[in-house]
Amino acid sequence: MTDAWCLPSCLTVEGKSYGIHADYRDVLDVIQCLNGKDEPEFIRWYVALSLFYKEEVPVCHRSAAMNAMADFIACGQPQSCAPGPKLLDWQRDAAVIVADVNRVAGQEVRALPFLHWWTFIAYFNAIGEGQLSTLLRVRGKLRRGRKLEPWEMDYYRENRALVDGREPPTVQEQQEKARLERILAGKEP
């Protein structure tokens, strides 16, 4: 556990201090790596550790290093054991997140050369009412099968792709869709 009144730039793992990449962009890269599905989990953890720590952690200490990294990402706060539906995607929801974080921070945080992860999360947690809270409220109700209020239904209709959190179609997917539409319209054999 780390001290909530300081912004750590290193973590102690098995008695040794390791420098860390504590900027919010670095931590978001670590999270994206861990959430990826292209590689096996053990490779994702290995890459995440390499991105997070400034020097290589010995194999015998990697488990403790993973726990320390996870604790840092959670800002030293205990995490709930009961997972619910995933409501937030740091990459897909980036535009909405950064707009509200900028509003709370009173500045463009992406222009800062360094912003500690814990400071970024403090801004994030202070967002309150705004476009992100609306997005997450509607997304949460839909994923839990709850009825939307009329204004929420309007929001959903106007922002369906954002709320559903779908990846935009790739060029190949768009081409395949167009090809299938031509076939269905009888314009292609």
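Which residues of helix 5 are buried? This report takes up that question in a predicted model, and then turns to the aromatic pairs and the cysteines.

## The buried face of helix 5

The buried residues of helix 5 are Trp117, Trp118, Phe120, Ile121 and Phe124. Viewed along the axis of helix 5, these buried residues fall within an arc of 155 degrees, so they line one face of the helix.

## Aromatic pairs

Across the whole structure, 9 aromatic pairs are found. One of them joins Tyr24 and Phe120 in a stacked arrangement, with 4.5 Å between ring centres and 5 degrees between the planes. Tyr24 belongs to helix 1 (residues 24–35) and Phe120 to helix 5 (residues 117–125), so the pair ties together parts that are 96 residues apart in sequence. Tyr24 and Phe120 are both buried.

A further aromatic pair is made by Phe52 and Phe72; this pair is tilted, at 5.4 Å centre to centre and 55 degrees between the planes. Phe52 lies in helix 2 (residues 41–52) and Phe72 in helix 3 (residues 62–73), and the pair thus links distant parts of the chain, 20 residues apart. Phe52 is buried, as is Phe72. Ring pairs also place Phe52 and Phe72 in a cluster with Tyr18, Tyr53 and Trp118.

How many disulfides does the structure hold? The number is 0. By way of background, a disulfide is a covalent bond between the sulfur atoms of two cysteines.

For Cys10, the closest cysteine sulfur is that of Cys6, at 9.1 Å, which is too far for a bond because the two sulfur atoms of a disulfide must lie within 2.5 Å. Cys75 is likewise in no disulfide, and the nearest cysteine sulfur, again in Cys6, is 12 Å away.

Is Cys75 buried or exposed? Cys75 has a relative accessible area of 14% and is therefore buried, the limit for that class being under 20%. Cys10, in contrast, counts as partly exposed, with a relative accessibility of 36%.

Note on methods:
Residues numbered from 1 in each chain as written. Predicted model: local features only at pLDDT ≥ 70, side-chain atom pairs only at ≥ 80, totals over all residues. Heavy atoms only, no water. Buried < 20%, exposed > 50% of the residue type's maximum accessible area, 1.4 Å probe, protein only. Phe/Tyr/Trp six-rings, centres within 6.5 Å; stacked < 30°, edge-to-face > 60°. Helix = DSSP H or I, 4+ residues; strand = E, 2+ residues; numbered from the N terminus. Arc of directions from axis to C-beta.
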